[in-house]
Amino acid sequence: METGQTYHIYNHANGSENIFREEENYRFFLKQYKKHLADVVDTYAYCLMPNHFHFLVKVKEADVLKKNPTFEKLDSLDEIEAKASKQFANLFISYTMAFNKKYNRKGSLFMKNFKRKPIESIEQWQEAFLYIHINPIKHKFSNKIEDWNWSSWHAYNNMESRSLLARPKAIGYFDNIDNLLYCSEEKRRRILNMNLE
């Protein structure tokens, strides 16, 4: 993963299993995400659903990562970027190990390689942000964005709350919070109309 690059990250359960079976699974995954990635990426959006997840993140710049004890002994940019990717792998491994222990199962939980789509334009960034928050509606887990508990939407809908999200930067891509809310509602309506056709 390139430093300074923004990505839409996503992955799916291996096979037909769910990666989140109960509320505590979601909480633990986010706790592990914070542990492994809070110092590696700026997170703009996320959504966790029973069998897959999405994140919109920007890998921090190399000079910022070098200040992190996990990265400080790495010399080359290639090593730093490989370590950033490894932090995602560490998240998935740690979550899978705990999940397997809890549910007395064996083997991989996630598809082998997580997907990472580089974001190359403001329009693509906006579309990824909206898509991530609308995903529970698209997959019919919910009819309203705010009804799905396991997304970053609540942090944008309640700006007074504390959050590790890079909210000011994300809001800036929509000019202001009112426009972000408006665009989200328009996207939701389009998805619901598509589902009715």
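At 8% relative accessibility A128 counts as buried, because buried means under 20% relative accessible area, with exposed set at over 50% and partly exposed in between (1.4 Å probe, protein chains only). A128 is found in helix α4, which covers residues 122-138; helices (H or I, at least four residues) and strands (E, at least two) are DSSP runs, numbered from the N terminus. Not counting residues up to four places away in sequence, A128 touches H8, L56 and I119, where contact means heavy atoms within 4.5 Å. The C-alpha atoms of A128 and A45 are separated by 8.9 Å, although these two residues are 83 residues apart along the chain.

## Basis of the model

This is a predicted model, in which local features need pLDDT of at least 70 and side-chain atom pairs count only at pLDDT 80 or more, while totals for chains, interfaces and linings use all residues. Residues are numbered from 1 along each chain as its sequence is written, and side-chain values use heavy atoms, with hydrogens and water left out.

Helix α3, residues 77-103, has 27 residues and reaches 39 Å from its first C-alpha to its last, close to the 39 Å expected at 1.5 Å a residue; the expected span is 1.5 Å times one less than the number of residues. After α3 comes N104, whose phi is positive, near 50°.

T96 has its place in helix α3, and T96 counts as buried because its relative accessibility is 12%. Leaving aside neighbours within four places in sequence, T96 is in contact with G107, L109 and F110.

## Overall fold and dimensions

The protein comprises 7 helices and 4 strands, and from the N terminus on its elements run β-α-β-β-α-α-β-α-α-α-α. A compact globule with 197 residues would have a radius of gyration near 16 Å, and the 17 Å of the protein agrees with this; the radius is taken over C-alpha atoms, and the globule rule is 2.2 Å times the number of residues to the power 0.38. Along the principal axes, the C-alpha atoms fill a box of roughly 50 × 45 × 30 Å.

Buried residues make up 46% of the 197 residues. Of the contacts with a separation of 6 or more, 68% are accounted for by residues 24 or more positions apart.

## Surface

The protein exposes about 10800 Å², of which carbon and sulfur atoms supply 49%, with areas from the Shrake-Rupley method with a 1.4 Å probe.
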